[in-house]
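Student: Please show me how to read the main features of a protein model, one at a time.

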Amino acid sequence: MADMIQFNSCEELDSFFREGREYFNDLYVKKLVTNSTYFTRFEEQPWPLNHTTEQKAFRFGRGFHDPCTPFRKIVDGYCETDSCSTLSEVVQRPGTESYTFELLRKEMHTDWICVESLLYRLFPAEEILQFEESNARITKNVHEEFLRANYIGGAGHKWLGVTTDDGTYCGLVDDQAWFVPTLDNQVDSNSGYNLCELRVKLAVADLPKVAYLSLDLLDDALIDLQNEDDAFRLDIAEATGMQLLDIVIPDPRVGRALYFQAKRNNGYWDANTDFDARLSSLKLGVNRVIGDYAFGYDINAARFNAAPTADQPVDPFSPTDPTTWAKLVRVPRYVKVVQENGCSYVPNRDYAEADFAISVAMVNKAMTKWTMPSSNGYSQAQMMGQNYAGDWEWKNPDWECNRWRKMGYYQAQFRLAAQVKDPTLMHCFLHRLPKTKNLYGSCCPLNDYTPTTDPTDCYNCAGVGSPTP
C-alpha cells in the first residue's frame, strides 16, 4: 500500500510506539473546559446592515392607578340623582425610557506557523487539528465571556450581604452594593464592561464580613422580582411547567452549603437532589432544586480576590464616593505556563481557592445578543468574505518575507452587541465562597499489599526493542 509506514528495523518500530504512546491517550490532549451557561441562553439577532454602530431602543413603563382613591356613593332618588354624572379619575399613560447599545469589536490571530516544519513532526495532522479545535473553543469562550460581562455588568440589582462583627447574617443587605467598571472613554478606544475587577461598597478592612450566598439573600431578590408580573419565571415554566427561579452558582460547594442551610429550616424548604425529569431534560440542566429555586453550575464563573494593598484606595471610605470603595480583582480560570515547546494554559489553583464569586439569577428574556452578519461588499466594491462571529480562517499571504508561501497564521474577528432590555429583571449576587471541609478518617486497618516488582510493558512485543545480536 502506498500510504503504509515502512520500518527498517525493530528499533524503529519500537521507537514509533513509544514516542506516540502519550498522544494516543486522550487524557494527554488538553482542552479548554467550556459550558453554555450564557452562550446559548439568550436570543440572537443579526445586526441591521446600513445602520450606525449604535442603536436606540425604548423601555415602556408600567401603568397603574392610585389604589387609595375611594369609591363614591350613588345618589339616586325621585327628585335627585347623580347616576349620570361623571367624576372620573385620570389614569396616566405609561411613560417610556430610551437607551442605546453599540456594536463592539475584537480581533485575534495566532503566531506564524511554518508549514514546512510540520513535515518533520511525528503527528503533524493531529497537532494542527488540536490547534484548530483550541481556536474553536476560544471562539465559544469569547461569546460566553462577552455575554457574562454584559449580563453581570448591566444587571439592575447587584446584591451583597454583610455579616455583623460576630458573623451572623443579620447585617446589611444592599442590591446596589458593587459595580463592574466600564472601559469607555479610556485609552486605546476600549469599551464595554471590565469584569476583571469590581468595586465594592465597603472599606477594605470590612471585606471579610461579606456573607456566603444564602436563601435569605435569594428571597430578597425573589420578593423584588414579584413586582414584575411573574415574567421572571417564564424561562423554566415554559419548558417544564414548574415555577422555579433559575439560579447559576459557581460550583457544588455553594450548592451544598445552601442545601444544608435549607435542611436547618425546620422542614419548610424542600431540598432535593432527585427531582422531576422535566428539569433533567432541559438543555442546560439543573443540578439541584431547593424550594423556589433551580440551581445550575457555571464552571467558569467569575471569581475574585481582594486587590493588593498598593492597588486599594488610599482615601477614607465613603459610601457616596465609589473611588474609595474596596477593589476586587478577578482570578483567572487558567494561567499560561511555558512548556517544552511553546506555551499552554493550565488550571489555576488560585481559582479554586478564591475568596469571592458571583452567582446570577438567570432571566433569558432580559438580554439579546446581536451579531454582525457576514459580508462581501457591494457591486464592484468587493472585499474578501468577512465573518464576524469568530470563525477562524487560515491566511497565507504572498509577502516578500513569505515568497515561498511556507508560513501562515489563523485569524478571527468578532462584532457583537448586547442589548439589556430590562435591567430590573436581572439580579446578581457577590458572595464569599465556602471553604469548610468535613474530613473523616477510617477505623479499618490498611491492606497488607506487596507491589509488583516486574511491571508488564504492553508495548514490549517479542523481538521488538531487543538488542541486535
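**A hairpin, then the whole chain**

Tutor: Strands β20 and β21 make a hairpin with two residues between them, and S379 in the turn has a positive phi of about 50°. This is a predicted model, in which local features need pLDDT of at least 70 and side-chain atom pairs count only at pLDDT 80 or more, while totals for chains, interfaces and linings use all residues. Residues are numbered from 1 along each chain as its sequence is written, and side-chain values use heavy atoms, with hydrogens and water left out.

Student: How many bridges join β20 to β21?

Tutor: Two strands pair if DSSP finds at least two bridges between them. Here β20 (residues 375-378) and β21 (residues 381-386) run antiparallel and are joined by three bridges. G377 stands opposite Q382 in β21. In a regular strand the side chains alternate between the two faces of the sheet.

Student: How many helices and strands does the protein have?

Tutor: Both are DSSP runs numbered from the N terminus: helices are H or I with at least four residues, strands are E with at least two. The protein has seven helices and 24 strands.

Student: Is E144 buried or exposed?

Tutor: Buried means under 20% relative accessible area, exposed over 50%, and partly exposed in between (1.4 Å probe, protein chains only). E144 lies in helix α2 (residues 124-154) and is buried, because its relative accessible area is 1%. The side chain of E144 reaches the backbone nitrogen of T37 at 3.2 Å. Across the protein, buried residues make up 35% of the 469 residues.

Student: Which residues have the most contacts inside the largest nonpolar core?

Tutor: A nonpolar core is a set of buried Ala, Val, Leu, Ile, Met, Phe, Trp, Tyr and Cys residues joined through side-chain atoms within 4.5 Å. The largest one has 65 residues, and Y151, I152, L160, W178, L198, I358 and L430 have the most contacts inside it. A second, separate core of seven residues includes A57, Y99, F101 and L103.

Student: What is L198 in contact with?

Tutor: Contact means heavy atoms within 4.5 Å. Leaving aside neighbours within four places in sequence, the partners of L198 include W178, F179, F304, I358 and L430.

Student: How many disulfides does a search of the whole structure find?

Tutor: A disulfide is a pair of cysteine sulfur atoms within 2.5 Å. The search finds zero. As for individual cysteines, C428 is buried because its relative accessible area is 0%, whereas C343 counts as partly exposed because its relative accessibility is 48%.

Key:
Polar contact = N/O pair within 3.5 Å; in protein donor to acceptor, adjacent residues only side chain to side chain.
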